[in-house]
Amino acid sequence: MTDLVIGADGLARCAWGSSTPDYAVYHDTEWGRPLHGDDALYERMTLEAFQSGLSWLTILRKRPAFRLAFDEFHLPTVAGYGDADVTRLLADAGIVRNRAKIEAAIANARAALELPEGLSALLWSFAPERRPARPASFAELAPISGESTAMAKALKKRGFRFVGPTTAYALMQATGMVDDHIVGCHVTLPPAT
C-alpha cells in the first residue's frame, strides 16, 4: 500500500483515509482541519485518550454514543459528574467502558476548567510552525514531537490524565495543529495564521 491512493471518487487521499467510508468522510472533512474551542478540543482529547490501545475506527463509530453519554462534552457538565455518572458510563455499551479512562475524562474536564487561559489557548500554544511542504510519506512522521512531548508534560502538570506524548501528537494531527496530510492529498487546509 502506498501512502497516497486514488479513491473510487477519483480523489487522491492519504491511504488510511481511503480504507473505509467512515475514514474517508473523517479524513476529508475533519482530520487536520484547525479546530478551536474548549469543549470541541476537550472532546477530541477525550476521544484520543479512549482510543489508546484501540483502533481509531472503533472510536469514530462510537462517537455519537460518546457525545450522548458525555453530554456533548460540555466541560462544566462533565466536570460535575459524580459516582453515579461513572456507574452510568460503565454500563453504557455504546462507549468504551474503561473505568480509568472514564475517570480520566471527568478529571480532565475539571482540570480544563481550572485553566485561566482556557483549554483551547493552552493546547494551541504548542502548535509548531507549519512545515514548508507536506510529508512525502508517513515514514517521514514520528508518533511524537518535541511539541507533543511538551504539551503532554504541561497537561500532566495541570492534573490531566491519559495525555502522553503520542496521544498529544494524535490530537495535534486531528485538530490541525500540524498538517500531516501526504503531499498530493486533495484536502486543502486554510493558510497558516
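In which segment is Cys-185 found? Cys-185 is found in the segment after α9 (165-174). Helices (H or I, at least four residues) and strands (E, at least two) are DSSP runs, numbered from the N terminus.

1. Basis. This is a predicted model: local features need pLDDT of at least 70, side-chain atom pairs count only at pLDDT 80 or more, and totals for chains, interfaces and linings use all residues. Residues are numbered from 1 along each chain as its sequence is written, and side-chain values use heavy atoms, leaving out hydrogens and water.

2. Annotated site. The unreviewed UniProt entry carries a "binding site" annotation on Cys-14, His-27, His-181 and Cys-185. These positions spread over 172 residues of sequence, yet they cluster in space, with a largest C-alpha distance of 10.2 Å. UniProt positions follow the numbering used here, feature names are shortened, and annotations may be inferred rather than shown by experiment.

3. Cys-14. This residue lies in strand β2 (residues 12-14). Cys-14 is buried, at 0% relative accessible area. Buried means under 20%, exposed over 50%, partly exposed in between (1.4 Å probe, protein chains only). Leaving out residues up to four places away in sequence, Cys-14 touches (heavy atoms within 4.5 Å) residues including His-27, His-181 and Cys-185.

4. Cys-185. Its relative accessible area is 8%, so Cys-185 is buried. Beyond four places in sequence, Cys-185 touches Leu-4, Ala-12, Arg-13, Cys-14, His-27 and Arg-134.

5. Cores. A nonpolar core is a set of buried Ala, Val, Leu, Ile, Met, Phe, Trp, Tyr and Cys residues joined through side-chain atoms within 4.5 Å. The largest has 49 residues; Phe-66 is among those with the most contacts inside it. A second, separate core of five residues includes Cys-14, Ile-182, Cys-185 and Leu-189.
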